[in-house]
Amino acid sequence: MAADYRVSMANPKLKSVTKMPQDANVIARRKPAAVVRTVYSLAEREEIFRRFSVQRPEPRGELEHINPFTLVVAVALSAQATDVGVNKATRALFRIADTPEKMLDLGEERLRDHIRTIGLYRNKAKNVIALSQMLVDQFGGKVPETRDELVRLPGVGRKTANVVLSMAFGQATMAVDTHIFRIANRIRLAPGKTPDEVEARLMKVIPSHYLYHAHHWLILHGRYTCKARRPECERCIIADLCKSPEKSWDVPAPLVELPPQMIGEAVE
């Protein structure tokens, strides 16, 4: 037994077995745990969205629509346009064209007449007619309920798809528009360089039980309180929790439920 022991110790090739833990460490370093970037603790995030839920228990989008199809059209038209402007243009339009088939019957030229006041209306009219045709040809005239299918529609990107999935089909999504992108970075809730990066981080940092309404809470907070030109910190219900370098006020506004008429009363 002693001779065998000396032989094994003298044979350097047998030491190769010790490399297994090192290899395992290399593999672990290749796949690091996802790092969630936010300056807020879980308790702080819980409190932020609890207050939003008290202020607006049932937040809703401000684009007027009748069904999933008109929602797709409205959101597609809202790119680089205000919800107020889109609503003014689509009220008459949706009374006569609330399905893909009716939109195709209306035709591109007459559609342009309805949406002429919206920016980029010519290109948007082409997209609406094209997406209507695709819905008829490939989806039986029904709006699909998956993101992969929605983004195949002309003029429909990830943001539009997320809005439709949330508002039409009740899925918890995060549609990162200019308001949400600004808020996520300004208050350092989920900073990121691109909308996709911000979306991924928000989905991780927002408590899951608040995720369904979080999209609208953040949009409305950015539209009415944390405004682009000058955030109205004195009217902010999370002023004491906010960690934005731009913050000018530390006392939170009274936490009360807003009257229903204030939700949806767009101020651009």
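Which backbone oxygen lies 2.5 Å from a polar atom of the side chain of K124? The backbone oxygen of A79 does. The model is predicted: local features need pLDDT of at least 70, side-chain atom pairs count only at pLDDT 80 or more, and totals for chains, interfaces and linings use all residues. Residues are numbered from 1 along each chain as its sequence is written, and side-chain values use heavy atoms, without hydrogens and water.

**View 1. K124 in helix 8.** K124 lies in helix 8, residues 121-139 (helices are DSSP runs of H or I, at least four residues, numbered from the N terminus). K124 is buried (under 20% relative accessible area, 1.4 Å probe, protein chains only). K124 has no salt bridge (a side-chain nitrogen of Lys or Arg within 4 Å of a carboxyl oxygen of Asp or Glu). D83, the nearest side chain of opposite charge, is 9.8 Å away.

**View 2. The largest pocket.** Its volume is about 640 Å³ (the space filled by probe spheres set on the grid points). Of the 32 lining residues, the closest to the centre are S78, A81, D83, K159 and D177. Helix 13 gives the most to this lining, with 5 residues.

View 3. L120 sits in the loop between helix 7 (108-114) and helix 8. L120 is not a glycine, yet has a positive phi of about 60 degrees. L120 is exposed, at 51% relative accessible area (exposed means over 50%).

View 4. R188 lies in the loop between helix 11 and helix 12 (195-205). Its phi is also positive, about 65 degrees.

How values were computed:
Helices (H or I, at least four residues) and strands (E, at least two) are DSSP runs, numbered from the N terminus. Lys and Arg count as positive and Asp and Glu as negative; His and the chain ends are not counted. A polar contact is a pair of N or O atoms within 3.5 Å; within protein, one must be able to donate a hydrogen and the other to accept it, and residues adjacent in sequence count only if both atoms are side-chain atoms. On a 1 Å grid over the protein atoms alone, a cavity is a set of points where a 1.4 Å probe fits but cannot get out, and a pocket is an open set with protein on both sides within 12 Å along at least five of seven lines; lining residues have an atom within 4 Å of a point.
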